[in-house]
Amino acid sequence: MNQMLQDAPEAQEPTEAKRSPDIVDRPPAPAHPRFAKPQRVAFVQSSWHREVVEQCRIAFLDEIEARHIDRARVDLFEVPGSFEIPLHAQILAKTRRYTAIVAAGLVVDGGIYRHEFVADTVIKALMDVQLKTEVPVFSAVLTPQQFHESSAHVEFFRKHFATKGVEVAEACANTLLSLERLRGQVAAGIV
């Protein structure tokens with residue numbers, strides 16, 4: 001029965017002319033390197049504009065799993081806003097439980113305060129955390145030039161945050177691999 005289906009014209013690969021526009025040819029999934037030791041990641045997300053920011057987390061989890069860090073080894077933390085992320089990142093880094101920390105948030109111009117100040121403060125504080133603790137901290141805390149709570153802006157930034165989730169997962173995995181090699185070289189006296 002299976003042989004008959006394979007030989008039937010309907011079961012053969014459609015020609016280019018017959019292909020449905022919904023069928024997308026995708027390249028094979030890349031083979032990502034594996035880690036020598038298990039990794040554990042903390043993902044700290046602000047709840048301000050959750051419907052937008054959560055797209056980063058969802059995309060991050062999909063991509064980090066493709067890069068050989070199991071979802072069960074990613075702990076999720078939610079804070080009220082982006083301003084609260086650095087303190088959580090610092091406390092999490094000091095536990096030494098995590099090999100990396102990822103921050104995600106959306107800082108918008110609400111007209112009440114200077115959003116650039118908040119964004120700059122958060123990014124500087126996250127950099128300070130990683131330099132003080134030697135636990136890498138990755139930022140997907142974004143500050144758009146303009147954000148209005150219209151459906152068009154929300155949808156645009158949902159897609160943008162999904163893209164940033166993939167990018168931050170790639171940066172996280174590649175950095176962890178690099179640090180794993182570097183620490184191995186230091187331990188062996190090579191560096």
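## Aromatic pairs

Searching the whole structure, which is a predicted model, turns up two aromatic pairs. In the pair formed by Phe43 and Phe60, the ring centres are 5.2 Å apart and the planes meet at 45 degrees, so this pair counts as tilted. Phe43 belongs to strand 1 and Phe60 to helix 2, so the pair links distant parts of the chain, 17 residues apart.

Phe77 sits in strand 2 (residues 74-79), while Tyr98 is in the loop between helix 3 (85-94) and strand 3, so the pair ties together parts 21 residues apart in sequence. What about exposure in this pair? Phe77 is partly exposed, at 27% relative accessibility, whereas Tyr98 is buried, at 6%.

## The nonpolar cores

Phe60 turns up again in the largest nonpolar core, which has 28 residues. The members that touch the most others are Val41, Phe60, Ile64, Val74, Val102 and Cys172. Strand 1 (41-46), helix 2, strand 3 (100-106), strand 4 (137-142) and helix 5 (151-187) each give two or more residues to this core. Helix 5 provides the largest share, with nine residues.

Setting aside neighbours within four places in sequence, Val102 contacts Val41, Ala42, Phe43, Val44, Phe60, Phe138, Val168 and Cys172. Another core, of 19 residues, lies apart from the largest one; Val79, Ile85, Ala93 and Val137 are among its members.

How far apart are the end C-alpha atoms of helix 2? They are 24 Å apart, which agrees with the 24 Å that its 17 residues (50-66) should span at 1.5 Å a residue. The buried residues in helix 2 include Val52, Val53, Cys56, Ala59, Phe60, Leu61 and Ile64, and also Gln55, Arg57 and Glu63. After the helix comes His68, with a positive phi near 75 degrees.

In helix 3, the buried residues are Ile85, Pro86, Ala89, Leu92 and Ala93. Viewed down the helix axis, they fall within an arc of 130 degrees, so they line one face. An α-helix has 3.6 residues a turn, so residues three or four places apart point the same way. Leu87, Ile91 and Lys94 are exposed on the other side of helix 3. Just after this helix, Arg96 has a positive phi of about 65 degrees.

## The chain as a whole

The protein has five helices and four strands, in the order α-β-α-β-α-β-α-β-α along the sequence. Of its 191 residues, 37% count as buried. Among contacts with a separation of 6 or more, 77% are between residues 24 or more positions apart.

## Confidence

The average pLDDT of the protein is 82, and 77% of the residues score at least 70. Residues 1-17 have a pLDDT below 50, and this stretch makes six contacts in the model beyond near neighbours in sequence. Where pLDDT is low, the predicted coordinates should not be read in detail.

Note on methods: Residues are numbered from 1 along each chain as its sequence is written. This is a predicted model: local features need pLDDT of at least 70, side-chain atom pairs count only at pLDDT 80 or more; totals for chains, interfaces and linings use all residues. Side-chain values use heavy atoms; hydrogens and water are left out. The expected span of a helix is 1.5 Å times one less than its number of residues. Buried means under 20% relative accessible area, exposed over 50%, partly exposed in between (1.4 Å probe, protein chains only). A nonpolar core is a set of buried Ala, Val, Leu, Ile, Met, Phe, Trp, Tyr and Cys residues joined through side-chain atoms within 4.5 Å. Contact means heavy atoms within 4.5 Å. Rings of Phe, Tyr and Trp (its six-membered ring) pair if their centres lie within 6.5 Å; planes under 30 degrees apart count as stacked, over 60 as edge-to-face and the rest as tilted. pLDDT is the predictor's confidence in each residue, from 0 to 100. The arc is that of the directions from the helix axis to the C-beta atoms.
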